[in-house]
Amino acid sequence: QVQLVESGGGLVQPGGSLRLSCSASGSIFSVRVRAWYRRAPGKQRELVAHISDYGTAMYAAAAEGRFTISKDNAKNTVWLQMNSLKAEDTAVYYCNARRTDSSGEVWGQGTQVTVSS
């Protein structure tokens with residue numbers, strides 16, 4: 001079996017930074033970690049950042065210019081560097097991976113990011 005292990009969430013003040021990490025464990029190459037989503041209170045889950053197999057990054061408008069997604073294929077790990085955090089960034093952040101042996105997806109358990117003074 002494979003799991004996505006997330007870390008790096010926490011409580012920060014506005015303007016602060018956090019770096020989220022997501023790594024596959026178990027049968028790590030059964031998946032390709034590729035994206036970060038978030039779900040804010042009372043809102044639907046939304047895509048925050050995605051990185052392609054070629055390393056091309058894409059960001060939601062709200063994240064553009066402040067967040068950076070990166071990956072290490074050998075470790076099957078992705079990071080999300082979040083700078084200049086705002087209160088509206090408060091959400092549970094989930095990493096996402098595509099299965100390599102099927103059309104399915106795998107989700108991390110979520111890590112809470114709270115931006116508050």
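## A guided look at the disulfide, hairpins and pocket

Visitor: What is the handedness of the disulfide of cysteine 22 and cysteine 95?
Guide: In this predicted model, the torsion about the S-S bond of cysteine 22 and cysteine 95 is about 50°. That torsion is what sets the label, so the disulfide is right-handed.

Visitor: Nice. How many residues apart in sequence are the parts that this disulfide ties together?
Guide: The bond joins cysteine 22 to cysteine 95, with an S to S distance of 2.0 Å. Cysteine 22 belongs to strand 3 (residues 18–26), while cysteine 95 belongs to strand 9 (residues 91–99). The pair therefore ties together parts whose separation in sequence is 73 residues.

Visitor: Is cysteine 22 buried or exposed?
Guide: The cut-off for buried is under 20% relative accessible area. Cysteine 22 has a relative accessible area of 0%.

Visitor: Let's move on to the hairpins. Which residue in the hairpin of strand 4 and strand 5 takes a positive phi?
Guide: Strand 4 (residues 31–39) and strand 5 (residues 46–51) pair in the antiparallel sense over four bridges, and tyrosine 37 has leucine 47 in strand 5 as its bridge partner. Between the strands are six residues. The one with a positive phi, near 75°, is glycine 42.

Visitor: And which residue takes a positive phi in the hairpin of strand 5 and strand 6?
Guide: Here strand 5 pairs with strand 6 (residues 57–59), in the antiparallel sense, over three bridges. Histidine 50 has methionine 58 in strand 6 as its bridge partner. There are five residues between these strands, and the positive phi, near 90°, belongs to glycine 55.

Visitor: Now the largest pocket. Which strand gives the most to its lining?
Guide: The largest pocket has a volume of about 210 Å³ and is lined by 17 residues. The elements that give two or more residues to this lining are strand 4, strand 5, strand 7 (67–72) and strand 8 (77–82). With four residues, the one that gives the most is strand 4.

Visitor: How many charged residues are in the lining of the largest pocket?
Guide: The residues nearest the pocket centre are Arg32, Val33, Asp53, Lys71 and Asn73. By class, the whole lining has five nonpolar and six polar residues. The count of charged residues is six.

Technical notes: Residues numbered from 1 in each chain as written. Predicted model: local features only at pLDDT ≥ 70, side-chain atom pairs only at ≥ 80, totals over all residues. Heavy atoms only, no water. Disulfide = S-S within 2.5 Å. Buried < 20%, exposed > 50% of the residue type's maximum accessible area, 1.4 Å probe, protein only. Pairing = 2+ DSSP bridges. 1 Å grid on protein atoms, 1.4 Å probe; cavity = no way out; pocket = protein on both sides within 12 Å on 5 of 7 lines; lining within 4 Å. Points joined across faces, edges and corners; volume = space filled by probe spheres on them. Nonpolar A, V, L, I, M, F, W, Y, C, P; charged D, E, K, R; others polar.
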